[in-house]
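Have the model open as you read.

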Amino acid sequence: VQASNERESRVAASSTQRDVDTVIEAVELSLERQAVRRCLAALTDLQRESVTLAYYSGYTVREVAELLAAPLPTVKTRVRDGLIRLRDCLGVIA
Amino acid sequence: VTTPDGRAASPGTPIHLNAGARALDALDAQDAAVFDEHLAGCESCRTELAEFEATAASLGAAVSQVPPAVIRERVLRAISVSPQLPPVTLRAVPEMAPAPTSEKTPGTAAAPAAGGRRPRPWLRRPVTMLAAAAVILAIAVGAVLLAARPAPKAVDASAAMAECVSSAPDAHMMMPSVGTAGDVMMAPSCHAAVVRVDGLPTLPGGQTYQLWVMAPNGARSVGMLGPDPSPTQPMVTAVKAGDTDIRVSVEPATGSAAPTSGPVWMVHL
C-alpha cells in the first residue's frame with residue numbers, strides 16, 4: 001500500500017508538469033515517428049504486412065501465417081528480413 | 001546469415017529465422033523456449049536479437065496514441081485514488097523521487113540534450129535548476145512510460161472497468177436521490193459503475209468527501225473526493241450483486257474506514 005501510494009503520488013506529481021511533458025513528448029515522438037514511418041515505407045509490402053500484424057496487431061507469427069495462408073517459415077523470414085531492414089534504416093545500435 | 005548448426009525450432013524451420021519473431025514477442029511459447037535455449041550458445045543470435053528488440057522499441061515509441069492514453073488513464077486513476085496532497089508535498093515528491101528505481105535510459109537520454117543546448121560548463125543557478133528539473137521530468141515521464149510499456153495488455157483494473165462501462169450495451173445513467181447534480185453510469189454486465197459527483201459545497205479545512213459503495217454487510221470505500229468534488233474527475237468502482245447504493249459522506253481529511261455521517265449525495269442501485 002505504501003509503495004502504491006508513493007507510485008500514485010509520483011504519477012500525480014508528473015501530471016502537474018503536464019504542459020512541459022507534452023511538449024517534450026510531442027517533439028521526440030514526432031521525430032521518431034517520422035523516421036519509423038519512412039522506414040516502414042521502405043519495406044516490401046509483404047514484409048510490412050507481416051511485421052505490422054506481428055507487432056502492432058499482436059498476432060503470433062503462426063497466427064499471421066494462418067491469416068495470410070502463407071507457410072510459417074515464409075512469414076518468419078518476412079518478419080526477420082523486415083526487422084533487418086528497419087534496423088539498418090533506423091540506425092539501431094544494440 | 002545461414003544457420004551453421006541447422007537446428008530447427010519446428011520441422012523445417014531454421015532456428016535463426018525466429019530472431020525477428022522473438023523480438024516482436026510473436027513466437028508461440030514452445031518456439032520461444034526453444035529459441036531462448038538456443039540463444040545461450042549463439043552469440044550472433046544474441047546480438048541480432050538485441051538489435052531487433054531495440055528496433056521494436058522504436059516501432060513502439062512511434063505509436064503516439066498508446067503512451068498518452070495510458071498516461072491519461074493512470075493520471076486519472078491516481079487523481080481519483082489519491083487523497084489531495086498539499087502543493088508543497090506535490091512539489092517535494094519529484095525531487096525525492098528520482099533516486100529509487102528510476103530507469104537510466106530516460107535520464108541519460110535527457111542529459112545530453114540539456115548539455116547540447118548549453119555546452120558551457122557550470123552556469124548560474126537557474127540553469128542548474130532547469131537542468132535538474134529537466135532530468136527529474138524526464139525520469140518521471142520515463143518511469144511512467146516504462147511502467148506502462150512492459151504490460152500493455154494488463155491494463156489497470158480501473159481503466160478496464162471504465163472502458164467496459166463506456167462500451168457496455170446495458171450501461172444506464174442514474175441520478176442521485178440525495179444531492180442535486182452528478183450521476184452514476186451503471187453497467188451490470190461489467191459489474192462496475194462510473195460515478196460523477198457534483199453539486200456539493202466546498203468543505204472547510206480538515207474535511208473531505210468520501211465515496212462509498214454500500215452493501216448489506218458494510219461499506220466499501222471507493223476513495224476520497226477531496227473537499228471540492230468535480231464531475232471532471234469521475235470515479236470508477238466495482239459493483240457487486242446486492243450492493244444497495246453509492247453514496248458520499250463528509251469525513252475527516254484522512255478518510256474513514258466506514259461512513260461516520262449520513263449521505264450528502266446518494267444514488268440507489
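In this predicted model, helix α4 (residues 61–68) of chain A and helix α5 (residues 72–90) of chain A have axes that come within 9 Å and cross at roughly 115 degrees. Angles of 65 to 115 count as roughly perpendicular, so α4(A) gets that label relative to α5(A). As for handedness, α4(A) passes α5(A) in a right-handed crossing.

Which residues make the contact of α4(A) and α5(A)? Here they are, helix by helix:

| Helix | Residues in the contact |
|---|---|
| α4(A) | V61(A), R62(A), V64(A), A65(A), L68(A) |
| α5(A) | L72(A), V75(A), K76(A), R78(A), V79(A) |

Sorted by class, the contact of α4(A) with α5(A) comes out at 7 nonpolar and 3 charged residues, with no polar ones.

Now over to chain B and its sheet. Four strands make up an open sheet there, in the order β5-β4-β7-β8 (chain B), and the pairing is antiparallel. Which strands stand at the edges? They are β5 (218–226) and β8 (265–268) of chain B; each has a single partner strand, so one side of each has no neighbour in the sheet. On average, neighbouring strands of this sheet are turned by 25 degrees against each other, direction ignored.

Note on methods:
Residues numbered from 1 in each chain as written. Chains lettered and ligands numbered in written order. Predicted model: local features only at pLDDT ≥ 70, side-chain atom pairs only at ≥ 80, totals over all residues. Heavy atoms only, no water. Pairing = 2+ DSSP bridges. Helix = DSSP H or I, 4+ residues; strand = E, 2+ residues; numbered from the N terminus. Axes fitted to C-alpha atoms, helices over the stretch in contact; angles between N-to-C directions. Parallel < 35°, antiparallel > 145°, perpendicular 65-115°, else oblique. Left-handed = near helix turned anticlockwise from the far one by under 90°. Contact = heavy atoms within 4.5 Å. Nonpolar A, V, L, I, M, F, W, Y, C, P; charged D, E, K, R; others polar.
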